[in-house]
Amino acid sequence: MNQVKEFHTLQEKVTDMIRESIFTQVYKPGERLIQDELAARFGVSRMPVREALRCLEREGLVAFLPHKGAQVIGFRREDIEELYYLRALLEGITVQKSMNFLTKKDRTELNTLVEKMDQDIDNNDMDSFITHNHQFHMLLQKGCNWKKIKLLTKEFIEGYPAHVPSLIPKTMFVSNEEHKQMLRALELKDPIMLRQLVENHIMRAGNALTQVIE
């Protein structure tokens with residue numbers, strides 16, 4: 001069991017490093033990603049590299065081409081803007097529908113997650129912050145019973161949007177301060193305010209990401 005956990009941790013680290021290299025244009029669109037070269041660069045075996053590339057394929061950053069292997073897919077500023085605009089709209093609607101159906105336990109857990117993210121920032125623990133941030137956003141949507149929109153929103157949250165803090169670490173503090181404003185909207189029982197805060201939160205992250213890749 002420990003060996004499996006260590007493998008996943010190693011795979012996640014390799015995935016993070018390749019993803020960051022794609023966003024910072026170290027690996028450019030159209031460039032081949034050769035597993036042996038990546039394994040040598042990161043000092044790992046081919047297995048975590050192969051799994052990392054499959055993960056990035058699901059995120060739409062890498063494609064496996066016949067007889068060529070993995071290759072970086074080009075993406076434009078417009079692609080990022082589209083993704084975050086759609087995510088902002090969908091997640092905004094979802095949290096608005098969710099708010100009145102969140103239980104007292106849910107609200108307590110949301111507060112706990114924000115406190116944990118404060119600790120993550122103090123400890124400069126990026127991996128833990130990413131995990132708690134993802135849990136916060138998913139729990140905030142829990143009360144919405146519209147299954148299709150929740151499936152779509154989950155798809156937009158997964159992949160590289162979840163890893164924006166690792167690409168822009170300075171945004172962690174701002175992000176969690178915005179989470180605290182969302183908690184305030186819950187206290188005020190104001191679903192419109194919550195929706196607007198979530199939409200602005202996501203759009204800010206998207207704008208910050210487009211600046212990184214330029």
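Residues R107, L110, N111, V114, M117, D118 and I121 of helix α5 meet M172, F173, N176, H179, K180, L183 and L186 of helix α9, contact being heavy atoms within 4.5 Å. The residues of this contact divide into eight nonpolar, three polar and three charged; Ala, Val, Leu, Ile, Met, Phe, Trp, Tyr, Cys and Pro count as nonpolar, Asp, Glu, Lys and Arg as charged, and the others, Gly among them, as polar. The model is predicted, with local features requiring pLDDT of at least 70 and side-chain atom pairs pLDDT 80 or more, while totals for chains, interfaces and linings use all residues. Residues are numbered from 1 along each chain as its sequence is written, and side-chain values use heavy atoms, without hydrogens and water.

Helix α5 (residues 104-123) packs against helix α9 (residues 171-188) at an angle of about 160°, with the axes 10 Å apart. The two helices are therefore roughly antiparallel, a term for angles over 145 degrees.

Buried residues in α6 are M126, S128, F129, I130, H132, N133, F136, H137, L139 and L140, where buried means under 20% relative accessible area (1.4 Å probe, protein chains only).

E199 lies in helix α10 (residues 191-213). Its relative accessibility is 19%, so E199 counts as buried. With residues up to four places away in sequence not counted, E199 touches A88, L89 and G92.

Conventions: Buried means under 20% relative accessible area, exposed over 50%, partly exposed in between (1.4 Å probe, protein chains only). Helices (H or I, at least four residues) and strands (E, at least two) are DSSP runs, numbered from the N terminus. Axes are lines fitted to C-alpha atoms, for helices over the stretch in contact, and angles run from 0 to 180 degrees between N-to-C directions. Angles under 35 degrees count as roughly parallel, over 145 as roughly antiparallel, 65 to 115 as roughly perpendicular and the rest as oblique.
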